[in-house]
Structure formats: C-alpha cells, structure tokens
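Let's take a walk through this model together. Keep the sequence and the 3D view side by side as you read.

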Amino acid sequence: MKIIKFFILLLIVSACKNETKNNESNTLDSITATETPLKYAEGFKISQSNNLKTIEITKPWPKAEKKYTYLVLTKEQAAKTTYNKNDYDGVIITPITKMVVTSTTHIPALELLNIEDKLVGFPGTNYVSSEKTRKLIDDKKVRELGKNEGINTEVLLELNPDVVIGFGVDGVNKTFETIKKVGIPVIYNGDWVESSALAKAEWIKLFGALFNKEKEADSIFNKIEKDYLEAKEIAKQVDFQPTVFSGALYKDVWYLPNGSSAEAQFLKDANVNYLWSDTTGNGSLALSFEAVLNKAKMADIWLSPSYYTSLKQLEEANALYTNFEAFKKQNIYSFSNTTGATGGVLYYELGSARPDLVLKDLIKVCHPELLQDYTPYFFKKLK
C-alpha cells in the first residue's frame, strides 16, 4: 500500500512539474530573447527565442518618437502562447499567404526571396517595373489600391491580407491606423531613413524574418555587400577624381544631396570629387541656380538632372543649363531613361535593394577605364 501511495505521489509531482514547464514555455514573460545581429541597418531589430520572433521598428521615419514592436507566431504557437496584445503594435501569424506592400522599394526584396506570389495588392501598380511582379499585375493577381496617401481601404479589407508593409513620411498614416483597427497588422518600413546604401539593402532581412527565410536573406545580402565592397576597392585604384554635381531646378530651387547622405556616400565610394561632400544635415540641400553655377560650372560630370531624359528637354526647361561645361561636353548621366514596361523608373524600385549595381554604374560612368566588361544597369548618358 505504501508503495502504491508513493507512485501516486510521484505521478502528481511529475504532472505539476510538467504543467509548470508548459506554462513557462507558453508565456512570453519567461522568454529571454536573443537579438539577431545586423551589420549596417539601425532602423529595426529582430529578436528570437524558442522559435518566437519579435520585430522592432526603431526608426520608421525621421525624428520618430515611437518604436513599433511586432510579434511573429506560427498558427500552432498562437494557439498555445500566452501574450498581452497591448504589448505589441501587431501580431503576425505565419505562414503569410497574402500581403500588401506600399512602396516600389519593397518589391525587390519579395522577388529576391521568391515570395512575390504572396503579393495581393499595391497602390500605384503602374509604377512597378520588376518583371515577375509586373506579370502578376498583368495577370490580375495583384489588385490596384489607389495612391499611398489614400489607399482604397474597401479593396484592401476585401483582400484581407495577413500583413501590410507601409511607411510613414513624417508621422502616422491615418489610413494604416484604420486598417490596424480591423485586425490587420501594419509594419512601418523605414528602410528609406537609413543613412547608408548597405543599411538600406539590409532591410531584406525584415522580409526574411516574416517569411522564415532568414538564411536566404542573409545569403543574398552578404553577396550584395561583397560585390559592393569589391567595387569600392577597385575604385581606389585611380588617382584622378572627376568633379561631380547632381540635381536640377524645381520651382527655382536646386536640390542636391548633402555630403552625409547615402547618395553622397555612393560618390565617395566611387572615388569622385563631389563638390558638396563637405556639407551635412538631414534631407537635400536647397540652393539657388547661381550658387550651383558658381561652384559647378566647370565640373566634369553632371549626374541625375531631375526627371529630364534628354539634353533637349534640359535646354527647353531652362536655357541657363547650357552654361555648365558638363552640358557642353555632353557629360550628363541619368537613370530616368531606364524604365519598366509601364514607365516606372527602375532605379526608384531596385536601387535601394541593389547598391552594388548603383556603385558599379557610378564607377563605370566616372572612371570608364575600370570595370571593362561591365555595362551600366541604371545610368545612361543623356542624348
């Protein structure tokens, strides 16, 4: 009899231990998370423990005061995990079968990870140039959602995506807040806020975390980084640095990159003399025509003259452009002529995801003797 009681007591103790263990594994409070290391990006963090993931967007837009935290769970985990919804700005249940993205810069990450077939809606489908996604749009598998500033919420709610990847320029987007209220999680993607080209490209790891493709995202980014750094080393071989300026007038104001911007970093890594490299600050420089002409009149190369696609367009817009030596020698290069089937400028879509191609383009333009077998992907000389 004593032996039987002993075994009963042993079973009770064992059951209590198992119950305690189960409660601990199913309660997020007991989890110590490990943060995924990032090389360049500063605007997001990924943490993981016991296959439970959290994503934190630390800088969704410049001067943002709030951080956004998202919990990523499988359906099985969601059924047995205890968590407080108020602790998160969204809970994403995987596998994700339907998603909406809202910027062309998000499209390359989907294609690189081979998950573009999960895209069901996009605002401004005519701006999409990437061929695989373009085909999905043409085959009516991706719905038009209007404009990002005023997304057609009726169509979006009908699509009922598992997650929406949005962005905010200078604060919370009211449309996204409406979407969140009906239970659709919205992740604010702040890749455009990053201050370096490789940091922007590293945001592919955010999509990797959402789709359980971390290894693929790491491998893709590492290859892009390797190609970028190799190109940067090649550019160091030359002694001559051509003088470079960029931009054009917009309503009597000439906008060009400040010296601490990602665009200026490209020029530095291409080993050229960007005439405004010593400037700092947030956003673009806003100068008068006279100020630009005074400094850049004799510059060797003019890059990215706004949306103009020919020398004739430039001259017709403002005859004063012809005063620049770069115009006279026809040393003006732009990405505006590299477009998709419906006219979307490919640089605005792929440029952030593939900084290695952008850098190689600039090296080839500014140092034509280098990268002998390379043909520029985005930049073409204006004719």
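Let's start with a pair of strands: E4 (residues 68–74) and E5 run parallel and are joined by five bridges. Strands here are DSSP runs of at least two residues, marked E, while helices are runs of H or I with at least four, and both are numbered from the N terminus. Two strands count as paired if DSSP finds at least two bridges between them. Within this pair, Val72 stands opposite Ile92 in E5. Strand E5 (residues 90–94) has two faces: Gly90, Ile92 and Thr94 make up the covered one, and Val91 and Ile93 the uncovered one.

A quick word on what you're looking at: this is a predicted model, in which local features need pLDDT of at least 70 and side-chain atom pairs count only at pLDDT 80 or more, while totals for chains, interfaces and linings use all residues. Residues are numbered from 1 along each chain as its sequence is written, and side-chain values use heavy atoms, with hydrogens and water left out.

Now for a sheet. Five strands form an open sheet in the order E16-E13-E18-E19-E20, with mixed pairing. Strand E16 (273–274) and strand E20 (380–381) are at the edges with a single partner strand each, so one side of each has no neighbour in the sheet. E13 and E16 run parallel, joined by two bridges, and Val244 stands opposite Tyr274 in E16.

In helix H11 (residues 289–296), Phe289, Val292, Leu293 and Ala296 are buried (under 20% relative accessible area, with exposed meaning over 50% and partly exposed in between, using a 1.4 Å probe and protein chains only). Looking down the axis of H11, you'd find these buried residues within an arc of 100°, so they line one face of the helix; the arc is that of the directions from the helix axis to the C-beta atoms. Why would such a spacing work? An α-helix has 3.6 residues a turn, so residues three or four places apart point the same way. On the other side of H11, Glu290 and Asn294 are exposed. The cover over the buried residues of H11 includes strands E13 (243–246), E14 (248–250), E15 (253–257) and E17 (284–287).

Helix H15 is another story. Its 12 residues, 355–366, reach 16 Å from first C-alpha to last, close to the 16 Å expected at 1.5 Å a residue (the expected span is 1.5 Å times one less than the number of residues). In H15, 12 of the 12 residues are buried, so the helix is largely enclosed by the rest of the structure.

Next, the aromatic rings. The structure holds 29 aromatic pairs, meaning rings of Phe, Tyr and Trp (its six-membered ring) with centres within 6.5 Å; planes under 30 degrees apart are stacked, over 60 edge-to-face, and the rest tilted. Phe176 and Tyr188 make an edge-to-face pair, 5.8 Å centre to centre with 75° between the planes. This pair links distant parts of the chain, with Phe176 in helix H6 (residues 174–181) and Tyr188 in strand E12 (residues 186–188), 12 residues apart. Phe176 is buried at 0% relative accessible area, and Tyr188 counts as buried at 0% too. Elsewhere, Phe245, Trp254, Phe289, Trp302, Tyr307, Tyr308, Tyr321 and Phe324 form one aromatic cluster.

Methods:
Contact = heavy atoms within 4.5 Å.
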